[in-house]
Amino acid sequence: MKLSEIKEILPTLDNVEFQLENGTFVPEHFHVTEVGTVTKHFIDCGGTIRNEKVVNFQLWNADDFEHRLKPAKLLNIIKLSEEKLGIENDEIEVEYQNTTIGKFDLEFNGKNFVLKNKTTACLAQDACGIPTEKQKVNLSELSNNQTSCCTPNSGCC
């Protein structure tokens, strides 16, 4: 989800709710403690230099159980970050601590924002020696026209 998308969705909501992909909800007393841009300048295993940039939201749970972040408040935080930091319309990445700090993509299911699990991947598969995937064949689909060196009850097996 891009920053422009969340800015369109927020005014239509009564509450801001985040849900993990497994259905568990982020506690409703969460805070958005950071909104910023994260850039990553790196070289992949194939030698290609790459740049990535995302808008980062950090969610945090405090002990103030009465806290509720309203859509207008989050929209104001986003607008302030655009004005003060020059944040652009990039993809949103959410940091949230469950058992460790995780980074998630963001989607909207029509009611809640969903933290989608991210995975690692090789960006230079043609250069790093990963073998191509073997062709999968169902044994039941093999031709029955092949002759065997043994026949049933011949005693050779």
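**Reading aromatic pairs and a pocket**

Mentor: At 26% relative accessibility, F108 counts as partly exposed. The model is predicted.

Trainee: How is F113 classed, buried or exposed?

Mentor: F113 has 0% relative accessibility, so F113 is classed as buried. The cut-off for buried is under 20%.

Trainee: What describes a pair of aromatic rings?

Mentor: Two quantities do: the distance of the centres and the angle of the planes. In this structure, a search of the whole model gives three aromatic pairs. One of them joins F108 and F113, with 5.0 Å centre to centre and 50 degrees between the planes, and counts as tilted.

Trainee: Which residues do ring pairs link into a cluster?

Mentor: The cluster consists of F18, F30, F108 and F113.

Trainee: What shows where empty space is left?

Mentor: A probe the size of a water molecule, rolled over the atoms, shows it. Here the largest pocket holds about 590 Å³ of space. Its lining has 20 residues, and K40, E52, E93, K118 and T119 are the closest to the pocket centre.

Trainee: Which elements give two or more residues to the lining of the largest pocket?

Mentor: They are strand 2 (30-43), strand 3 (49-61), strand 4 (92-97) and strand 5 (101-108). Strand 2 supplies the largest share, four residues.

Key
Residues are numbered from 1 along each chain as its sequence is written. This is a predicted model: local features need pLDDT of at least 70, side-chain atom pairs count only at pLDDT 80 or more; totals for chains, interfaces and linings use all residues. Side-chain values use heavy atoms; hydrogens and water are left out. Rings of Phe, Tyr and Trp (its six-membered ring) pair if their centres lie within 6.5 Å; planes under 30 degrees apart count as stacked, over 60 as edge-to-face and the rest as tilted. Buried means under 20% relative accessible area, exposed over 50%, partly exposed in between (1.4 Å probe, protein chains only). On a 1 Å grid over the protein atoms alone, a cavity is a set of points where a 1.4 Å probe fits but cannot get out, and a pocket is an open set with protein on both sides within 12 Å along at least five of seven lines; lining residues have an atom within 4 Å of a point. Grid points are joined across faces, edges and corners, and a volume is the space filled by probe spheres set on the points.
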